[in-house]
Amino acid sequence: MGRVAIVTGGTRGIGRAICERLREERDCTVVANYAGNDEAARKFTEETGIATVKFDVGDYEAVQNACKQVEDDHGPIEIVVNNAGITRDGTLLRMSYDDWDAVMRTNLGGCFNMAKATFAGMKDRGWGRIVNIGSINGQAGQYGQVNYAAAKSGIHGFTKALAQEGARFGITVNAIAPGYIDTDMVAAVPEPVLEKIVAKIPVGRLGKASEIARGVSFLVSDQAEFVTGSTMSINGGQHMY
Ligand code: CAA
């Protein structure tokens with residue numbers, strides 16, 4: 001097996017597709033992180049044979065400990081895909097501080113915590129790949145998502161800053177900004193709202209998780225060594241940025 005890759009939020013949706021593609025196309029030893037859904041994780045391992053590790057990406061100490069454990073068990077982490085994300089949608093007037101905080105801690109804080117746990121090792125070995133999953137809604141904003149849009153927009157800034165720090169050590173840091181992809185997260189958007197959104201996608205449909213996974217697979221490859229600090233938008237033409 002090849003390089004060790006950890007994918008946060010890796011047992012379902014986009015994360016699962018990324019895990020499968022990295023193993024199939026890049027021959028990676030993949031470890032999928034998840035936060036809470038033991039049943040989905042068990043099913044995932046049963047169906048794919050890919051190992052899982054349970055921790056909250058928003059918990060700094062838990063991330064440091066878990067990444068150390070993954071390295072003890074599987075070898076140095078060379079590829080990190082920061083995919084874990086949650087929504088707590090609602091207009092500002094209805095949004096609680098907890099809704100704000102949970103999304104910032106998980107979606108943006110998770111990227112910081114994972115980079116802290118793995119960047120020094122990548123630097124010492126002179127090779128690393130970090131791919132952060134941003135969002136069209138971090139680029140364009142979205143009604144009812146000041147928390148999510150701020151966190152995802154933060155991911156895009158985080159990516160560009162860390163790319164500058166990693167470049168001289170052979171570490172690339174890139175983002176993918178998915179549009180509306182056919183996952184549980186998007187299925188939770190009320191039907192009439194989603195219909196209006198899909199009507200604005202020039203390609204005329206939701207994206208597939210596998211379409212995001214293909215982008216990740218390219219960005220982690222050796223051939224992508226000159227690609228850093230970039231954002232790959234995969235959104236069916238919904239937002240051109
Ligand atoms: N722009 C302007 N006005 C809007 C609007 C928009 N985009 N969307 C809704 N409104 C208006 C409505 O027309 C309505 O106005 P009236 O009362 O005058 O009719 C008013 O705002 C309230 O709308 P709702 O009835 O929808 O309000 P709500 O409080 O029940 O729900 C909401 C608000 C939770 C934000 C709901 O609209 C919603 O879930 N929207 C979808 C948000 C979304 O796209 N989330 C993406 C999740 S997937 C994801 O995040 C993945 C990714 O990266 C892409």
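Predicted model: local features only at pLDDT ≥ 70, side-chain atom pairs only at ≥ 80, totals over all residues.
Local features require pLDDT of at least 70 and side-chain atom pairs pLDDT 80 or more, while totals for chains, interfaces and linings use all residues. Residues are numbered from 1 along each chain as its sequence is written, and side-chain values use heavy atoms, with hydrogens and water left out.

Across the whole structure, 13 salt bridges are found, a salt bridge being a side-chain nitrogen of Lys or Arg within 4 Å of a carboxyl oxygen of Asp or Glu.

| Pair | N to O distance |
|---|---|
| R3 and E78 | 2.8 Å |
| D184 and R12 | 3.1 Å |
| R105 and D56 | 3.6 Å |

R3 and E78 form a salt bridge. R3 lies in the segment before β1 and E78 in strand β4 (residues 77-82), 75 residues apart; helices (H or I, at least four residues) and strands (E, at least two) are DSSP runs numbered from the N terminus. E78 is buried at 17% relative accessibility, whereas R3 is partly exposed at 26%. Here buried means under 20% relative accessible area, exposed over 50%, and partly exposed in between (1.4 Å probe, protein chains only).

D184 pairs with R12 in a salt bridge. D184 is exposed at 54%, and R12 is partly exposed at 43%.

R105 and D56 also meet in a salt bridge. R105 belongs to helix α4 (residues 97-125) and D56 to the loop between β3 and α3, so the pair ties together parts 49 residues apart in sequence. R105 is partly exposed at 38% relative accessibility, as is D56 at 33%.

Finally, a network of salt bridges links R16, E20, K43 and E47.
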